[in-house]
Amino acid sequence: MTSNFEGVDLVTIRDFSRDQIEHVMNLAEKMIPIALGEERSDLLSSHLLGSLFFEPSTRTRLSFASAMARLGGITLGFDQPLGASIQKGETLADTIKMVDAYTDVIVLRHSAEGSARLAAHFAEKPIINAGDGAGQHPTQTILDLFTIRKAKGKIGDINVALVGDLKYGRTVHSLAEALALFGAKLMFVAPKTLQMPKETVRAVEKLGAKPAMLTTIEESLAEADIMYVTRIQKERFPDLAEYQKVSGEFKINNALLKDAKPELKIMHPLPRVDEIQAEVDSTDHALYFQQAFNGVPVRMAILSLILGAKS
Amino acid sequence: MTSNFEGVDLVTIRDFSRDQIEHVMNLAEKMIPIALGEERSDLLSSHLLGSLFFEPSTRTRLSFASAMARLGGITLGFDQPLGASIQKGETLADTIKMVDAYTDVIVLRHSAEGSARLAAHFAEKPIINAGDGAGQHPTQTILDLFTIRKAKGKIGDINVALVGDLKYGRTVHSLAEALALFGAKLMFVAPKTLQMPKETVRAVEKLGAKPAMLTTIEESLAEADIMYVTRIQKERFPDLAEYQKVSGEFKINNALLKDAKPELKIMHPLPRVDEIQAEVDSTDHALYFQQAFNGVPVRMAILSLILGAKS
Amino acid sequence: MTSNFEGVDLVTIRDFSRDQIEHVMNLAEKMIPIALGEERSDLLSSHLLGSLFFEPSTRTRLSFASAMARLGGITLGFDQPLGASIQKGETLADTIKMVDAYTDVIVLRHSAEGSARLAAHFAEKPIINAGDGAGQHPTQTILDLFTIRKAKGKIGDINVALVGDLKYGRTVHSLAEALALFGAKLMFVAPKTLQMPKETVRAVEKLGAKPAMLTTIEESLAEADIMYVTRIQKERFPDLAEYQKVSGEFKINNALLKDAKPELKIMHPLPRVDEIQAEVDSTDHALYFQQAFNGVPVRMAILSLILGAKS
């Protein structure tokens with residue numbers, strides 16, 4: 001039975017089947033009027049979310065808090081690791097057991113890969129991974145899928161170009177796999193040194209995808225229905241000149257987009273710096289602010305399902 | 001129609017007419033029993049305030065949070081710019097658009113003058129300016145007017161001495177204009193180098209006021225009904241000796257107040273350091289703690305009106 | 001009448017009589033299903049807690065926030081002294097008067113001994129001391145008593161070993177007195193330089209206790225029903241070698257516990273570092289996580305009583 005999410009952990013996107021992801025997206029769709037404040041709900045009243053951000057992530061943290069609040073629930077926790085317990089050398093396991101005793105569900109952001117799995121081991125309450133180092137960020141993946149489905153009516157058979165830092169970019173690895181699971185056609189567009197890791201390429205091929213490996217955005221423009229852009233970080237390059245050349249080539253602006261399909265939609269997990277120029281914001285291509293909003297109904301759906309709340 | 005505030009931004013006090021300010025004050029008056037916790041309200045239940053403090057301001061931040069909570073609403077946000085987004089170089093516009101998608105109204109405190117106007121440009125939801133650099137802090141102005149009206153029964157024809165740093169003090173510029181709008185008689189009491197800027201003097205004269213420019217508190221004592229004190233900051237003076245002389249002359253204590261009207265009320269936006277001595281707190285002159293409390297009912301009124309909540 | 005707590009301050013455990021502590025514990029017992037999220041309550045809806053943590057204490061802060069939330073109340077405040085007011089040199093008295101105007105009850109954590117008593121002097125609303133320097137932390141004491149009573153069915157006639165740093169450990173001084181008040185038998189187990197201060201020894205003797213003063217955990221093992229462990233901090237020792245010897249001897253592990261009563265329960269105020277080894281967590285001796293949870297129902301009871309909420 002796909003709809004029984006009560007009490008489950010969401011550590012990686014692989015914890016959910018395709019049917020389960022569809023179920024979340026269908027419920028998220030229904031949550032939109034509540035997320036917009038047009039309808040009221042107390043579905044999660046008396047429910048407490050422990051929000052543990054060991055590293056800052058304003059967007060993820062506030063969208064979870066908004067999702068709880070829109071459903072009448074309450075959020076407590078911390079947004080940086082300044083607590084006495086952590087300063088005094090408390091282990092993550094002990095911190096998790098504490099919050100486990102004070103709340104009904106825990107969202108965890110931590111710099112160490114594997115910390116969400118460890119937390120899930122020690123907590124009785126469900127753990128939602130909001131990013132653990134180079135690891136997963138599954139609610140981001142689901143909101144990305146939801147955004148594509150909402151914009152295009154489907155995910156299968158859509159041409160999706162993943163653009164930018166595909167080697168270190170956390171979100172694109174799990175997104176690539178999830179897109180393959182849903183039958184999307186993939187283009188991996190990155191500087192050679194920042195291409196998609198082999199494990200991810202193999203994983204999507206196993207799911208039937210045949211990703212095109214491209215080195216310039218221009219090559220992807222004619223076919224792309226969705227362009228998912230991630231930031232290229234200076235610290236990935238030993239040579240500053242090389243960084244400047246590459247980052248210049250991977251900037252999206254209106255001139256570049258003249259060769260794109262009119263219905264191309266551009267996504268970005270945000271925050272951005274300058275990899276999408278502000279002039280793009282007012283075009284029909286810009287989908288990234290809608291995408292950020294979609295974090296709220298998707299997280300409302302996930303929280304409701306995991307908490308077993310009945311509407 | 002003066003009472004339609006729904007969806008409007010409050011960036012400067014000039015955004016509101018005298019009639020509108022009176023309307024806010026009348027509603028604030030009715031909010032007092034709820035602000036005191038004597039009556040319950042769920043007027044703003046299901047409403048979300050985005051509370052974005054890019055620089056700390058405990059009093060303003062907590063009074064907005066209290067105002068929301070007293071009306072059943074929820075506050076989320078940050079109290080210092082430590083979020084990943086901002087660290088990563090996100091623009092204010094992008095941060096505002098994010099919170100715009102997660103909440104119903106945004107209160108913004110920022111060190112850069114003009115940031116509230118910029119935020120209002122990018123946000124669909126209403127923006128309340130809680131201080132932007134040398135710019136405005138309009139909810140402070142309204143709570144100051146409200147405090148005078150409550151203490152004296154009226155604002156027009158009251159003698160109000162603005163005392164201290166009138167050059168750099170943010171609150172006194174807009175307060176001076178608002179007082180002139182309501183017909184108060186003004187005294188500007190400041191060291192010569194910290195007197196009221198010419199633009200503000202001209203603005204109040206245009207509104208019919210004839211401010212007295214004074215250099216010592218003593219000169220204002222015989223007539224003042226209200227003395228509004230602001231702090232003189234050391235960093236405004238190139239010469240430490242000059243600072244010590246001036247700040248010593250602008251300290252309020254009980255000895256000084258012997259020559260004041262018995263019904264003189266002293267106000268201060270707080271926090272204070274030593275410009276009002278603690279011995280004054282227990283006299284009938286002290287109005288500043290009542291003034292701080294008044295921030296709650298006034299902000300309750302403003303939030304309710306801007307959110308279009310019907311009681 | 002022992003049950004009238006409305007409006008009282010809780011600065012030290014001596015503010016409450018034995019009857020009053022029993023009353024709190026009885027109410028805490030009834031709060032457990034709500035603390036677990038199994039039952040809903042809006043006993044404290046429309047009530048505001050001002051949560052002022054001038055130094056961080058994640059466990060205490062979050063358990064108060066959870067206690068308020070479980071009863072429908074709202075928490076606002078700060079978790080570190082970064083507010084503008086404090087940076088600008090505002091006195092504690094002025095900060096307290098501000099929050100007094102914005103909330104219904106204040107919980108205060110501060111590094112300076114005596115700060116809670118000072119706050120109680122300036123606030124009209126009740127103050128709950130959540131630790132002031134070397135001073136008291138009375139809600140911790142009550143939750144410790146509650147934990148013992150729940151585990152053993154009674155407090156009187158129980159053998160309780162207080163172990164570790166008894167000289168500087170804040171929690172053990174007031175706990176020792178409270179245990180004596182309830183008729184527990186006491187063992188003080190500490191390195192000679194960190195033994196219980198004479199004033200506390202005298203205070204418990206005055207209450208009829210005859211504490212055994214021991215220097216090794218082994219000596220207490222045969223009789224102890226409860227072992228309450230606190231951390232020995234490196235900075236207490238001028239000599240590193242001495243610290244290493246002592247802290248090694250005061251570590252609890254499963255090998256040591258072979259000589260303990262089977263029904264021995266181990267408590268710790270948490271956070272711990274390594275003074276209780278993780279292997280103990282899965283034994284029946286471990287009571288410290290249950291103890292941490294008990295902070296929620298005990299604080300629910302205290303908040304309800306002090307706020308005069310009727311269930």
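This is a predicted model: local features need pLDDT of at least 70, side-chain atom pairs count only at pLDDT 80 or more; totals for chains, interfaces and linings use all residues.

Reader: How do you know that chain A is in contact with chain B?

Author: Two residues are in contact if their C-beta atoms, placed from the backbone, lie within 7 Å. By that test 22 residues of chain A are in contact with 21 residues of chain B. On the side of chain A that touches chain B, α2 (58-70) and α12 (288-306) of chain A each supply at least two residues. The largest share, 7 residues, comes from α2(A). Helices here are DSSP runs of H or I with at least four residues, strands are runs of E with at least two, and both are numbered from the N terminus.

Reader: What makes up that side of chain A by residue class?

Author: It divides into 11 nonpolar, 6 polar and 5 charged residues. Nonpolar stands for Ala, Val, Leu, Ile, Met, Phe, Trp, Tyr, Cys and Pro, charged for Asp, Glu, Lys and Arg, and polar for the others, Gly among them.

Reader: Which elements of chain B give two or more residues to the side that touches chain C?

Author: Between these chains, 22 residues of chain B are in contact with 21 residues of chain C. The elements in question are α2 and α12 (288-306) of chain B. α2(B) gives the largest share, 7 residues.

Reader: What makes α2(B) mostly covered?

Author: A residue is buried if 20 or more other C-beta atoms lie within 10 Å of its own, exposed if 12 or fewer, and partly exposed in between, with C-beta atoms placed from the backbone. In α2(B), 13 of its 13 residues are buried.

Reader: How is chain A divided into domains?

Author: The bounds come from an automatic or database domain assignment. Domain 1 of chain A is 13-136 + 295-306, and domain 2 is 139-292. Their centres, taken over C-alpha atoms, are separated by 26 Å. Across the boundary, 16 residues of domain 1 of chain A are in contact with 15 residues of domain 2 of chain A. α1(A) gives the most to the domain 1 side, with 5 residues.

Reader: Where is the kink in α1(A)?

Author: The bend at a residue is the angle between axes fitted to the seven residues ending there and the seven starting there. In α1(A) a kink of about 35° lies at A:Glu29, shortly before the proline A:Pro33. The helix has 18 residues and reaches 24 Å from its first C-alpha to its last, close to the 26 Å expected. Its buried residues include A:Ile21, A:Val24 and A:Met25, and what covers the buried residues of α1(A) includes α2, α6 (138-152) and α12 of chain A.

Reader: Why is β1(A) called largely enclosed?

Author: 6 of the 6 residues of β1(A) (48-53) are buried, so the rest of the structure largely encloses this strand. A:Leu48, A:Gly50 and A:Leu52 are buried on one side, and A:Leu49, A:Ser51 and A:Phe53 on the other. In a regular strand the side chains alternate between the two faces of the sheet.

Reader: How many bridges join β1(A) to β2(A)?

Author: Strands pair if DSSP finds at least two bridges between them. Here 5 bridges join β1(A) to β2(A) (74-78), and the strands run parallel.

Reader: Is B:Asp157 buried or exposed?

Author: B:Asp157 has 11 C-beta neighbours inside 10 Å, so this residue counts as exposed. B:Asp157 lies in the loop between α6 (138-152) and β5 (159-163) of chain B, and its phi is positive, near 70°, in a residue other than glycine.

Reader: Is C:Leu270 buried or exposed?

Author: C:Leu270 has 21 other C-beta atoms within 10 Å, so this residue is buried. Its phi is also positive, near 60°. A cis peptide bond, with omega about 0°, joins C:Leu270 and C:Pro271.

Methods. Residues are numbered from 1 along each chain as its sequence is written. Chains are lettered from A and ligands numbered from 1 in the order in which they are written. The expected span of a helix is 1.5 Å times one less than its number of residues.
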